[in-house]
Amino acid sequence: MSSPRERGKSLMESSGSEPPVTPSRYESQKRRDWNTFGQYLKNQRPPVPMSHCSCNHVLDFLRYLDQFGKTKVHVPGCMFYGQPEPPAPCTCPLRQAWGSLDALIGRLRAAYEENGGSPETNPFASGAIRVYLREVRECQAKARGIPYKKKKKKKPTSEMGGGRDDSSSSSSSSFSFS
């Protein structure tokens, strides 16, 4: 089976005799995200080459994206703080949702390596990024009054009769790439 790097590149490359392959929605989004991040780095003063990009640039980019967010995140002083469905509007800021940021980082992490970056130097795979995403998730969960609970893997039952087969559950399935 081909690696993610090869799959991503093969969608972009096509010989002259074959019709061009239409990239998947994921591949299109990944390319758009990569180009957006590259443009963000070019617009910095002074411009930052991708080879000098660090996790601090990634964190700044995530904070910059907040201004385009559509998720209301109540601040601790708001009278609706901790309420999942507030009864009236408030002036709390709109932010990027945690799930959107998490998916974005996943796509950028893959794109970095597909574009020649080394996994060891991948700024999107930094521990600081994971900490930031965890803090955003917890902050947004508290603001909405909904605690985030990590899904626990279900233990396989030793009984073969009458019970549901947990191995087909999407929340606990594991994939094997061989």
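These legends describe close-up views of one predicted chain.

The model is predicted, so local features need pLDDT of at least 70 and side-chain atom pairs count only at pLDDT 80 or more, while totals for chains, interfaces and linings use all residues. Residues are numbered from 1 along each chain as its sequence is written, and side-chain values use heavy atoms, with hydrogens and water left out.

**View 1. The chain and its elements.** The chain holds five helices and two strands. Helices (H or I, at least four residues) and strands (E, at least two) are DSSP runs, numbered from the N terminus. From that terminus on, the order is α-α-α-β-β-α-α. Of the 178 residues in the chain, 26% are buried. Buried means under 20% relative accessible area, exposed over 50%, and partly exposed in between (1.4 Å probe, protein chains only).

View 2. H4 covers residues 98-114, 17 residues in total. From first C-alpha to last, H4 reaches 24 Å, close to the 24 Å expected at 1.5 Å a residue. The expected span is 1.5 Å times one less than the number of residues. Buried residues of H4 include Leu 101, Leu 104, Arg 107 and Tyr 112. Just after H4, Gly 116 takes a positive phi of about 95 degrees.

**View 3. Aromatic pairs around Tyr 64.** Rings of Phe, Tyr and Trp (its six-membered ring) pair if their centres lie within 6.5 Å; planes under 30 degrees apart count as stacked, over 60 as edge-to-face and the rest as tilted. The count by this rule is ten aromatic pairs. Tyr 40 and Tyr 64 form a tilted pair, because their ring centres are 5.2 Å apart and their planes are at 40 degrees. This pair links distant parts of the chain: Tyr 40 lies in helix H2 (residues 25-42) and Tyr 64 in helix H3 (residues 55-65), 24 residues apart. Tyr 40 is buried, at 12% relative accessible area. Tyr 64 is partly exposed, at 35%. The rings of Tyr 64 and Phe 68 have centres 5.4 Å apart and planes at 80 degrees, so this pair is edge-to-face. Phe 68 is partly exposed, at 45% relative accessibility. Ring pairs link Tyr 40, Tyr 64 and Phe 68 into a cluster with Trp 34, Phe 37, Phe 61, Tyr 112 and Phe 124.

**View 4. Phe 37 in helix H2.** Phe 37 is found in H2. Its relative accessible area is 0%, so Phe 37 is buried. Phe 37 and Leu 62 are 25 residues apart in sequence and 9.9 Å apart in space, C-alpha to C-alpha.

View 5. Pro 46 lies in the loop between H2 and H3. A cis peptide bond joins Arg 45 and Pro 46, with omega about -5 degrees. Most peptide bonds are trans.

**View 6. The largest pocket.** A pocket is found on a 1 Å grid over the protein atoms alone, as an open set of points where a 1.4 Å probe fits, with protein on both sides within 12 Å along at least five of seven lines; lining residues have an atom within 4 Å of a point. The volume of the largest pocket is about 250 Å³. Its lining includes Gln 29, Asp 33, Phe 61, Ser 100 and Arg 107. H2, H3 and H4 each give two or more residues to this lining. H4 gives the most, with five residues.

Note on methods
Grid points are joined across faces, edges and corners, and a volume is the space filled by probe spheres set on the points.
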